[in-house]
Amino acid sequence: MPGVRRLIGFDAVSMIGDWIAYVGISALAIDQGRDLLALVVVLVAQAAPRALCAPLAGALADRVDRRTLLVVATAARGAASLAMVGATVAGAPWWVHGAYLARMALGAFTDAATRAALPRLVPARAVERANAWANAAWSAAFITGIAAGAVVVARGGVAVAFAIDAASFAIAALGFATLPAIPVGG
């Protein structure tokens, strides 16, 4: 089951970056909005693009090699995170938010590909256990990413948080590329 370990492990790496960036985008929104309503906007921006793209992402994950989809979508998310860094450094917060929306929309494609790939990388009898490990990895990445994000934003700033996020996607995309092909069907 080395393929599933790599899938879950590299997915966790990108999720840690996700949560570090979430702390960064939340800090940026609070700085701009100066109230808790700004956090509501961040929460909507976190969930809505993924929800809107989920049907298309699921259909695509049912039609193309999942490894390819993971690599391409993860690399594109990294590019969006780099755009967030550039917009932050340039002092263009609305461009940061736009890139964040794109990054979150692309997350629907990695989510769909991960869910579709997992049962193809393990024997049928091990799918339940693999799903349990994937869920545990999500929880660990959430805790780690939020805690690390608080430290990174407090000490290094929002741009550093977004740069770490971009690096996490680069690591994950390279890791996903080492997976075996995960075609549809079969």
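**Close-up views of a predicted helical model**

**View 1. Helix H1 packs against helix H5.** Helix H1 (residues 2–33) and helix H5 (residues 127–155) pack at an angle of about 35°, and their axes lie 7 Å apart. Axes here are lines fitted to C-alpha atoms, for helices over the stretch in contact, and angles run from 0 to 180 degrees between N-to-C directions. Helices (H or I, at least four residues) are DSSP runs, numbered from the N terminus. The crossing of H1 and H5 is right-handed; a crossing is right-handed if the near helix is turned clockwise from the far one by less than a right angle, and left-handed if anticlockwise. The residues of this contact comprise 21 nonpolar, 4 polar and no charged. In this classification Ala, Val, Leu, Ile, Met, Phe, Trp, Tyr, Cys and Pro count as nonpolar, Asp, Glu, Lys and Arg as charged, and the others, Gly among them, as polar. The model is predicted: local features need pLDDT of at least 70, side-chain atom pairs count only at pLDDT 80 or more, and totals for chains, interfaces and linings use all residues. Residues are numbered from 1 along each chain as its sequence is written, and side-chain values use heavy atoms, with hydrogens and water left out.

**View 2. Helix H1 packs against helix H6.** H1 and H6 pack at an angle of about 165°, with their axes 8 Å apart. H1 is therefore roughly antiparallel to H6, a term for angles over 145 degrees. The contact of H1 with H6 has 16 nonpolar, 5 polar and 3 charged residues. H1 passes H6 in a left-handed crossing.

**View 3. Helix H6 has buried residues covered by other helices.** The 19 residues of helix H6 (residues 158–176) should span 27 Å at 1.5 Å a residue, and the end C-alpha atoms are 27 Å apart, which agrees. The expected span is 1.5 Å times one less than the number of residues. Buried residues of H6 include Val-158, Phe-162, Asp-165, Ala-166, Phe-169 and Phe-176. Buried means under 20% relative accessible area, exposed over 50%, and partly exposed in between (1.4 Å probe, protein chains only). The cover over the buried residues of H6 includes H1, helix H3 (66–89), helix H4 (93–121) and H5. Ala-167, also in helix H6, counts as partly exposed because its relative accessibility is 37%.

**View 4. Arg-77 is a buried residue of helix H3.** Arg-77 counts as buried because its relative accessibility is 2%. Leaving aside neighbours within four places in sequence, Arg-77 is in contact (heavy atoms within 4.5 Å) with Asp-18, Arg-50, Arg-103, Leu-106, Gly-107, Thr-110 and Phe-169. The C-alpha atoms of Arg-77 and Ala-166 are separated by 7.6 Å, although these residues are 89 residues apart along the chain.

**View 5. Gln-46 is a buried residue of helix H2.** Helix H2 covers residues 37–61. Gln-46 counts as buried because its relative accessibility is 13%. Beyond neighbours within four places in sequence, Gln-46 is in contact with Trp-19, Tyr-22, Tyr-100 and Met-104.

**View 6. Ala-181 lies in the segment after H6.** Ala-181 is partly exposed, with a relative accessible area of 46%. Not counting residues up to four places away in sequence, Ala-181 touches Asp-65 and Arg-67. Ala-181 and Leu-121 are 60 residues apart in sequence and 9.8 Å apart in space, C-alpha to C-alpha.

How values were computed
Helix = DSSP H or I, 4+ residues; strand = E, 2+ residues; numbered from the N terminus. Parallel < 35°, antiparallel > 145°, perpendicular 65-115°, else oblique.
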